[in-house]
Amino acid sequence: MISFVARRLGAAILLLFLVLTATFFVLHLAPGDPLAMLRSPRVPAAQRIELQALWGLDQPLPVQYFRWIGNVLRGDWGTSFQHHRPATEVILQALPGTLVLGGAALLIQLLAGISLGVLAARRAGSRLDQALRVASLTLYALPTFWLALMALLLFTYHWPIFPPSHLQSVSAPTLGTAARLLDRLHHLALPALVLGLSSAGGWVRYVRSGLLEVLDQEYLVALRARGISETRIVWVHALRASIGPLFQVLGFTLPFLLSGALIVEVLFSWPGLGQVTY
């Protein structure tokens, strides 16, 4: 076990190093640079040269790379050219917004995916099962940005049920604690639903197929013979037996939630890492 963990940890460190290296060189090969914003007749050439030296951009690219890697290993992520603040501070300030949105979306995804998956498995072969399978496949296939735009169009303009953007209302600081919390939940509801439901379609299909594999096993037939209710058999015994592979699905879902959060945060003007990345 120790050898296995050591190998996986070494592979993870190597992968992280390769990602950091690729990110550094891709960003430097991309058109434009941090000094592009200073290329204006109103900015003296001497000042541009001074800033270039201050930021280390006058050094050869290999020198910049090894200096940057050394700073990263010490926990120094440098200064954001866009925000003119330490990059660590910018990320830590935006991280709570993404965690709140991702957590709410994950809760919606699990509740909707597991509930509808169980319902489809219990009605296997019925019209309801077919409708849920078609709906889940369609929902899973829809691009997140399109789903977000349609949600904005329907539920903020045609039917103004939810606010279209931001973390809270302009008047939120003047509200009491309970009213301010409700205001934030109101703003959170629509982006969390979009992000959560876009992933719930896959969970419906995974839960349904997992349950169908175990519902006819002998020990469950024995439980039925003993008079245990079907609801308890499905939700307690069968779901627990089929939940193992779903944890692996959860591991693949989390990165998808973060990447989807980037699109949702931009469209809903939600203050988080997605907005910072954009």
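Reader: Which residues does serine 199 touch, not counting residues up to four places away in sequence?

Author: In this predicted model, serine 199 touches Gln109, Phe256 and Leu257, once residues up to four places away in sequence are set aside. Serine 199 itself belongs to helix H7, residues 177-214.

Reader: Is serine 199 buried or exposed?

Author: Buried means under 20% relative accessible area. Serine 199 has 5% relative accessibility, so it counts as buried.

Reader: How are two packed helices described?

Author: By the angle between their axes and the distance between the axes. Take helix H4 (residues 87-122) and helix H5 (residues 127-141): their axes come within 8 Å and cross at roughly 140 degrees. The crossing of H4 and H5 is left-handed.

Reader: Which residues of H4 and H5 meet?

Author: From H4 come Leu116, Leu119 and Ala120, and from H5 come Leu128, Asp129 and Leu132. Five residues of this contact are nonpolar, none is polar and one is charged.

Reader: How many salt bridges does a search of the whole structure find?

Author: Two. In one of them, arginine 208 pairs with aspartate 129, with 2.8 Å between the closest N and O atoms. This pair links distant parts of the chain, since arginine 208 is in helix H7 and aspartate 129 in helix H5, 79 residues apart. Both arginine 208 and aspartate 129 are buried.

Reader: What does arginine 85 form with glutamate 89?

Author: A salt bridge, whose closest N and O atoms are 3.0 Å apart. Arginine 85 has 26% relative accessibility and therefore counts as partly exposed. Glutamate 89, at 39%, also counts as partly exposed.

Key:
Residues are numbered from 1 along each chain as its sequence is written. This is a predicted model: local features need pLDDT of at least 70, side-chain atom pairs count only at pLDDT 80 or more; totals for chains, interfaces and linings use all residues. Side-chain values use heavy atoms; hydrogens and water are left out. Axes are lines fitted to C-alpha atoms, for helices over the stretch in contact, and angles run from 0 to 180 degrees between N-to-C directions. Helices (H or I, at least four residues) and strands (E, at least two) are DSSP runs, numbered from the N terminus. A crossing is left-handed if the near helix is turned anticlockwise from the far one by less than a right angle, and right-handed if clockwise. Contact means heavy atoms within 4.5 Å. Ala, Val, Leu, Ile, Met, Phe, Trp, Tyr, Cys and Pro count as nonpolar, Asp, Glu, Lys and Arg as charged, and the others, Gly among them, as polar. Buried means under 20% relative accessible area, exposed over 50%, partly exposed in between (1.4 Å probe, protein chains only). A salt bridge is a side-chain nitrogen of Lys or Arg within 4 Å of a carboxyl oxygen of Asp or Glu.
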